[in-house]
Amino acid sequence: MKKLFALMAAALLVVTLAACGGSSVDIGIVLPTNEEPRWVQDETRFNELLEDSEYNVEILFSQGSTATERSNVESLVNQGIDVLIITAHDGTAAAAAVEFAKAEGVTVIAYDRLITDTDAVDYYVTFDSIAVGEAQAQYLVDNATGTGNPLYLYAGAATDNNAFLFFEGAWNVLQPKIADGTFYIVNSSEARDVEDSATLTRDQASDVIGQITTNWDFNTALNLASANLTAAGSDDKGEVFILAPNDGTARSIADTFADDPEVTNYFVTGQDAEQASIQYILDGKQSMTVFKDVRILVEDAINMAVDVLDGNTVTTTGSYNNGVIDVPALQTEVIVVEQNNVQAEIFDSGYYSEDDFE
Ligand code: BGC
């Protein structure tokens, strides 16, 4: 009997130890939502890279909620993480969650979206988001001839610092072409009010983005595009130029413009190289996308996290001011993809398999 108890006690100890070991997470990853293909792509790439990792990693989604994001961070901190990799749903509201993690000794890496107005961000891993907006705008400029071309502007969510960077990049390239008459802005009085300014203040950009925001939401994008087309006159249609901030919203906006009988041709931008948008590009329904190779971002973030865990020096290449501090940053370049280089950039690079497309 005694022996049995001893055995049972030993077994219990093993189970308890296993539970402890099993639940201790080294790196916690928090992504904003799995309802957008972009972030599912990141999850997939993290999982691919971490398949053989010696580190324990857990990925949680915040489903577009700052409250869920906060409880995700708390749960990961309680599981013992040393490093948090986080894409904020709302870049300002997320400050509280990362301050909590930081106070618990966790190193915080902002992933793709900067977290603002806090000193609790250690590093930022990102694409060159100004270059994203510049590339979108340059595509529209390159395809416009003559003067008086109708331009429709759309932006991301005002709670996402990237929406400002994308728009800033686009404005850098579009503003001179509005000033010289190549384009005129159809759907934003706020943008027309500042069209003579080569650079916009945060408040000015905020007013414009407030009027043309898609909130990164497909339905909002569709409804806004539809309202814009209802308000526009026949002269504002024909061949049109559309700055759409990302692929999800681009597809909604493109479908809406395609449905308008008075729109004879449209050029529409995007970003993320989402699978559905690569198909749209092949079908001639979306003009371009800005390819942000998530494999590189994922690798940079994990290498950074492992450097922190191993006590090595972390490599950064610049910094971003978040309103309180300059956050050391590691930045990746972007690539413009249109019909003629889908093969080289997307298929030959192994990003997607050609077999998945029609
Ligand atoms: C990302 C984009 C994404 C958008 C909507 C931005 O912060 O940089 O890649 O399309 O959020 O989720």
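1. A polar contact is taken here as a pair of N or O atoms within 3.5 Å; within protein, one atom must be able to donate a hydrogen and the other to accept it, and residues adjacent in sequence count only if both atoms are side-chain atoms. The model is a predicted one, in which local features need pLDDT of at least 70 and side-chain atom pairs count only at pLDDT 80 or more, whereas totals for chains, interfaces and linings use all residues. Residues are numbered from 1 along each chain as its sequence is written, and side-chain values use heavy atoms, with hydrogens and water left out.

2. Ligand surroundings. The ligand is surrounded by 13 residues, the closest being E36, R38, D112, D160 and D272; a residue is near the ligand if one of its heavy atoms lies within 4 Å of it. The side chain of D112 places an N or O atom 2.7 Å from a ligand oxygen. For R113 the corresponding distance is 2.8 Å, and for a polar side-chain atom of D160 it is 2.6 Å.

3. Domain division. The assignment, automatic or from a database, gives domain 1 as 3–121 + 294–333 and domain 2 as 129–292. Their C-alpha centres lie 33 Å apart. Thirteen residues of domain 1 and twelve of domain 2 take part in the contact, defined by heavy atoms within 4.5 Å.

4. Interface area. The two domains bury about 1,100 Å² between them, 44% of it on carbon and sulfur atoms; buried area is the accessible area (1.4 Å probe) that two parts lose on being put together, summed over both. Within domain 1, E36, R38 and R113 lose the most area to domain 2, together 33% of what that side buries.

5. Interface pairing. One salt bridge is counted between the domains, the criterion being a side-chain nitrogen of Lys or Arg within 4 Å of a carboxyl oxygen of Asp or Glu. R113 and D160 form a salt bridge, their closest N and O atoms being 3.1 Å apart. Four residue pairs are in polar contact across the interface. On the domain 1 side, α2 (37–50) and α12 (294–310) each supply at least two of the touching residues; helices are DSSP runs (H or I, at least four residues), numbered from the N terminus.

6. A pair within α2. R38 also forms a salt bridge with D42 (2.8 Å, N to O). These residues are about one helical turn apart, because they stand four residues apart in helix α2.
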